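Visitor: I have a few questions about how the features of this model get their labels. Could you walk me through them?

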Amino acid sequence: MQLRLYDTLTREKRVFTPLDPANVRMYVCGPTVYDFAHIGNARPVIVFDVLFRMLRHLYGEKHVTYVRNITDVDDKINDRAACDFPGLPLNEAIREVTEQTANQFHADVDALGCLRPTVEPRATDFVLPRADGKADMVTLIKQLIARGHAYEAGGEVLFNVQSMPDYGALSGRKLDEQLAGARVAVDAHKKNPADFVLWKLSSENEPGWESPWGRGRPGWHIECSAMSAAYLGNVFDIHGGGLDLIFPHHENEIAQSRCAHGTAAMANYWMHNGFLEVEGAKMSKSLGNFVTIRELLNDWPGEALRLNMLKTHYRSPIDWTLKSLEENKRAVDSWYDIIGDDTQATGGADEDVLSLLGDDLNTSGAITRLHAIAASRTRYSGQAQIDIKRTLKVSAILLGLLGKTKTEYVKTDPKAVAVNKDVVDALLADRTAARARKDFKESDRIRDELAAMGVVIKDSKEGTTWEIAR
Ligand SMILES: [Zn+2]
């Protein structure tokens, strides 16, 4: 089958052809770790996880390298560190904030069913030249200066946008238009108002590294140019991220990487996911509709959140609503009721699901097809019906769904666990009554029903106790 992907740079859907099928290479901009991730942050993580799964399916698990960075140097992190850990030296306080937040992020996206990327480099490990010789930010900046693409001014090293004839190609912004819109004399030290920071000096209260330009810290964009080159080479296959990153972040990544390495491209496919709104409004703390992944996971199983995300094509905007979340939770519940605890994911994925996903990740089409597969099982019986259920499971796993057994799923469903207490107590009372009248068939049936809910019961002389199985 063919994989076709929409490329933001050429503005067309093209057949995906990797530079090297034995090592397909993808880079996605990761989180800045200073606070809980919100549901909008989850969108690129889930979308590119589906692409990662498709690439692994097509080229083999060992033949795909997926790099997603962790931005652990940023002024927002410094502010948070000073605020949360006022007693600690700055470097230790920063480490506390970034470690804690990175761990939270991992727990969140694991619960959303996302595979870990092949490598997750941290920006602070790539500022200075490295013992292993992998690309680093200081060396890249030196190369840009040596090639006439960057200059030192006013305590900064700046990228000279006019040194690159096709700067602005990704976002479609022309330099003259940017100039016309720029406020005059904001940055008098810049040759061009659009020139952006590669390196800036740090005060004593800011994190810093010794460099040829003094003790300072990198600009945001240069870290992705360094870390992608470190693991994927100077030119690689796919670069992804949210629509909001096209300008300035990705535009500037392209400028840095191409000009430092003298290449015609940084990545061959640039992919961007659309925006996410909550209940019809842009998410913001002041509107009170700012939802973290963690808060949602307190109320919903990760798979319901994931299905809710994938119901919309990744390039379209999503309106995240409670109503659609409830619908999608019911869909996941019903699928798990169908596949039950069968752990055998044998047989191939459904051809239609594959070709829909191969068409620029048409996840909504694939989900519609999964519903049709689920409905078709009633036309079969015996082994044929078991096969249909397995096809449903194997196909859904391509979307990162239905990878568990029903019992495991129920355990991750906060609603089921919350409801369980009353239901469990009532079932236990029924079971005690059944045992008293020696109806062991019924008492066993109730025990199985509880087991399916993830509840383990223990009988003893003192009576019956129960717990959620782990
Ligand atoms: Zn980036």
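Guide: Gladly! Two strands pair if DSSP finds at least two bridges between them. Keep in mind that this is a predicted model.

Visitor: What makes S11 and S13 a pair, and in which sense do they run?

Guide: S11 and S13 are joined over three bridges, in the parallel sense. The cut-off is at least two bridges, so they qualify as a pair. Val 278, for instance, stands opposite Trp 320 in S13.

Visitor: Why are S12 and S13 called edge strands?

Guide: The open sheet has the order S12-S11-S13, with mixed pairing. Strand S12 (281-282) and strand S13 (318-320) each pair on one side only.

Visitor: Which atoms coordinate the zinc ion?

Guide: The donors are Cys 29 (SG), Cys 224 (SG), His 249 (NE2) and Glu 253 (OE), at 2.0 to 2.4 Å. Cys 224 belongs to helix H6 and His 249 to helix H7 (residues 246-261), so this pair ties together parts that lie 25 residues apart in sequence.

Visitor: Why is the site of the zinc ion called irregular?

Guide: Four donors count as tetrahedral if all angles lie between 85 and 135 degrees. Here the angles among the four donor atoms are 76 to 131°.

Visitor: How do you know whether Cys 224 is buried or exposed?

Guide: Buried means under 20% relative accessible area. Cys 224 has 1%, so it is buried. His 249, at 1% relative accessibility, counts as buried too.

Notes. Residues are numbered from 1 along each chain as its sequence is written. This is a predicted model: local features need pLDDT of at least 70, side-chain atom pairs count only at pLDDT 80 or more; totals for chains, interfaces and linings use all residues. Side-chain values use heavy atoms; hydrogens and water are left out. Helices (H or I, at least four residues) and strands (E, at least two) are DSSP runs, numbered from the N terminus. Donors are N, O and S atoms within 2.8 Å of the metal (3.2 Å for Na, K and Ca); water is not among the atoms, so sites may look incomplete. Four donors count as tetrahedral if all angles lie between 85 and 135 degrees; four count as square planar and six as octahedral if opposite donors are over 155 degrees apart and all others between 65 and 115; anything else is irregular. Buried means under 20% relative accessible area, exposed over 50%, partly exposed in between (1.4 Å probe, protein chains only).
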